[in-house]
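The sequence and structure come first, and my entries follow.

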Amino acid sequence: MSPDGAASTAVISLLALALLVCGFSALGLLVMKGFYNKLHYLAPPAVVATALVALAIVLQEGMGAVAIKAGLVLLVMVISNPILTFAAARANYLRELQAREKTERTSATLAPESPGPQEEG
Amino acid sequence: MNVWLIASALLLFCMLPCGWVCLRGSVMERFAALQLSQVLTILVLLLLAEGYRRAIYFDLALVMAVLSFASGLVYVRFLERWL
């Protein structure tokens, strides 16, 4: 770790940008209606904000053990976020499908039987 | 108090909308809010590690990133099948 704790203007700008991205995404999660719309707001903090914070750490500390660890965190986030988003969307789709099939089965069971051919005469 | 600690404190406020969605949303919306709060927690841990100037604290963020991926997959599998 570098001995001085003073941050440069570039580091402060990167951190402010990361905070802005996180705040925007948190508000998007709150405001948007529906699961699929909310799901879009997971990516910016996981990829953009983490990259900005990792870059700020590299600028502050230089290339060393700390920078490598921050890069590893970024790598894990970049790999895991799309997989989790896909898995969550698939889970929601399967849940909706199961609910629809259950409703159809219930309505088919409760529907009155169709009357048979009536006799004339 | 330095700029890293201030940024981590400000980032904690971003978890308030996640908490609200966890309280009021549907099951899958709660999962999305949980995932976002996990990402924010990882960022807060990174910022705190740099703010306190301890290299070993970065391992905590790394472990949290890996574990949040695994826990998310397990949780979403559970939501998909049983809940």
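**Helix packing in chain B**

I looked up helix α3 (residues 27-52) of chain B and helix α4 (residues 57-81) of chain B, which pack at an angle of about 175° with their axes 8 Å apart. Because angles over 145 degrees count as roughly antiparallel, α3(B) is roughly antiparallel to α4(B). The axes are lines fitted to C-alpha atoms over the stretch in contact, and angles run from 0 to 180 degrees between N-to-C directions; helices are DSSP runs (H or I, at least four residues), numbered from the N terminus.

I note that this is a predicted model, in which local features need pLDDT of at least 70, side-chain atom pairs count only at pLDDT 80 or more, and totals for chains, interfaces and linings use all residues. Residues are numbered from 1 along each chain as its sequence is written, while chains are lettered from A and ligands numbered from 1 in the order in which they are written.

I then listed the meeting residues: F31(B), L45(B) and Y52(B) are among those in α3(B), and F58(B), M64(B) and L79(B) among those in α4(B). By class, this contact of α3(B) with α4(B) has 18 nonpolar, five polar and no charged residues, where Ala, Val, Leu, Ile, Met, Phe, Trp, Tyr, Cys and Pro count as nonpolar, Asp, Glu, Lys and Arg as charged, and the others, Gly among them, as polar.

**Where the chains meet**

I found 41 residues of chain A in contact with 39 residues of chain B (C-beta atoms, placed from the backbone, within 7 Å). α4(A) gives the most to the side of chain A that touches chain B, with 16 residues.

Definitions and conventions. Two residues are in contact if their C-beta atoms, placed from the backbone, lie within 7 Å. Helices (H or I, at least four residues) and strands (E, at least two) are DSSP runs, numbered from the N terminus. Angles under 35 degrees count as roughly parallel, over 145 as roughly antiparallel, 65 to 115 as roughly perpendicular and the rest as oblique.
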